[in-house]
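Subject: Structure handed over, with notes

Dear colleague,

Here is the structure I promised to pass on to you, and I would be glad if you kept it open while reading the notes that follow.

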Amino acid sequence: MEPRETALEAVRREVQEESGLQCHPLTLLAVEERGPSWIRFVFLARPTGGALKSLEQADAESLQALWWDRETPTLPLRSRDILPLMDLALQYRTSPRHPPVLPVELPCASICQRFLLTFVDANNSLWVLLDTTGVPHLPLAVNCPSASKPGKRLVAALPQLLQRCLAPPGMAVHLQGLLSLQHLGKDPGQSDGICFNVVATVGSSESSQQQDLAPPALQEPALNWWAVEDSALKGEVLRRLHSASFLPIYS
């Protein structure tokens with residue numbers, strides 16, 4: 001992304017520069033990351049205009065653009081890491097794993113993660129972990145890369161949070177995926193960070209045959225489990241958890 005650019009503006013610009021086509025982004029498909037210094041957003045989009053770039057129009061952005069049927073094995077690719085992403089797009093077109101998700105254009109001062117950490121007890125009650133420091137909010141983890149210290153992978157923040165707050169050892173934790181993304185980018189260095197809203201579940205270890213009746217004890221006083229009582233909200237979260245209806249995070 002360029003300075004003062006939103007994620008969707010970057011998608012439209014990159015597609016036009018490299019293919020010659022104008023496009024309309026439909027949804028995020030996945031996020032790939034190697035720490036806060038390298039993050040790739042995978043979008044599904046549809047063409048809305050323009051013309052495919054020809055060899056005569058080759059420039060520093062790309063040599064040319066062609067439509068490919070995905071079945072042709074002889075296409076020369078600079079890197080084959082895009083093939084699983086193309087398969088992901090085809091799967092979404094056939095059977096969407098999640099509702100359309102586009103970045104929410106709100107400012108964020110840093111690269112961070114907001115965790116929706118859930119627990120479902122034996123009675124199908126839903127609990128969510130809250131940080132009660134000041135106004136109650138979902139727990140946050142901030143990733144601060146620098147030239148000398150690039151930073152750990154984003155997915156490392158979740159086990160660090162759980163190690164800090166959960167009292168019982170051996171609890172099973174499952175990273176469900178990405179619920180949404182927050183980014184604006186209009187004020188470089190001040191509010192052009194990214195907030196990843198990440199969903200995870202916690203429960204007994206996989207070897208346990210008994211489902212817990214209450215969420216695990218916490219060892220950090222500022223953190224508390226909140227029972228979700230709103231039936232509509234509870235039903236939607238449980239439905240999404242049951243169907244794993246979240247964007248994958250590849251690390």
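Val31 stands opposite Ile249 in strand S9, and this belongs to a parallel pairing in which strand S1 (residues 21-33) and S9 are joined over 2 bridges. Please bear in mind that the model is a predicted one. S1 and S9 belong to an open sheet of 3 strands, with the order S2-S1-S9 and mixed pairing. Strand S2 (39-50) and strand S9 (249-250) are at the edges of this sheet, and because each has a single partner strand, one side of each is left without a neighbour there.

Two helices are found against these strands. Helix H1 (residues 7-19) packs on the sheet and touches S1 and S2, its direction making about 115 degrees with that of S1. Helix H2 (residues 83-94) lies across S1, S2 and S9 and runs at about 110 degrees to S1. Which residues of H2 are buried? They are Leu83, Leu85, Leu88, Ala89 and Tyr92, and what covers them includes S1, S2 and S9. In general, an α-helix has 3.6 residues a turn, so residues three or four places apart point the same way. The length of H2 can be checked as well: at 1.5 Å a residue its 12 residues should span 16 Å, and its end C-alpha atoms are 17 Å apart, which agrees.

Elsewhere in the chain, strand S7 (residues 192-203) has 11 of its 12 residues buried, so S7 is largely enclosed by the rest of the structure. S7 runs parallel to S3, to which it is joined by 9 bridges, while strand S6 (residues 172-183) pairs with S7 in the antiparallel sense over 10 bridges. Ala200 in S7 lets you see both pairings, as Leu117 stands opposite Ala200 and Ala200 is also the bridge partner of Leu175.

Gln113, which lies in strand S3 (residues 108-120), deserves a look of its own. Is Gln113 buried or exposed? With a relative accessible area of 5%, Gln113 falls under the 20% cut-off and is therefore buried. Leaving aside its neighbours within four places in sequence, Gln113 has contacts that include Pro139, Leu140, Asn143, Phe196 and Val198.

Finally, I looked at the charged side chains. Side chains of opposite charge can pair when their charged atoms come close. How many salt bridges does a search of the whole structure find? The search finds 10. In one of them, the side chains of Arg13 and Glu14 meet at 3.2 Å, N to O; Arg13 is buried, with a relative accessible area of 19%, whereas Glu14, at 30%, counts as partly exposed. Arg13 and Glu14 are also linked with Glu2, Glu5 and Glu17 in a network of salt bridges.

Another salt bridge is formed by Arg40 and Asp81, whose closest N and O atoms are 3.0 Å apart. This pair links distant parts of the chain, with Arg40 in strand S2 and Asp81 in the loop between S2 and H2, 41 residues apart. Glu220 and Arg164 form a salt bridge too, their closest N and O atoms being 2.7 Å apart, and here Glu220 in the loop between S7 and strand S8 (223-227) is linked with Arg164 in helix H3 (residues 157-165), 56 residues apart. Glu220 is partly exposed, with a relative accessible area of 22%, and Arg164, at 42%, counts as partly exposed as well.

With best wishes

Note on methods. Residues are numbered from 1 along each chain as its sequence is written. This is a predicted model: local features need pLDDT of at least 70, side-chain atom pairs count only at pLDDT 80 or more; totals for chains, interfaces and linings use all residues. Side-chain values use heavy atoms; hydrogens and water are left out. Helices (H or I, at least four residues) and strands (E, at least two) are DSSP runs, numbered from the N terminus. Buried means under 20% relative accessible area, exposed over 50%, partly exposed in between (1.4 Å probe, protein chains only). Contact means heavy atoms within 4.5 Å. Two strands pair if DSSP finds at least two bridges between them. Axes are lines fitted to C-alpha atoms, for helices over the stretch in contact, and angles run from 0 to 180 degrees between N-to-C directions. The expected span of a helix is 1.5 Å times one less than its number of residues. A salt bridge is a side-chain nitrogen of Lys or Arg within 4 Å of a carboxyl oxygen of Asp or Glu.
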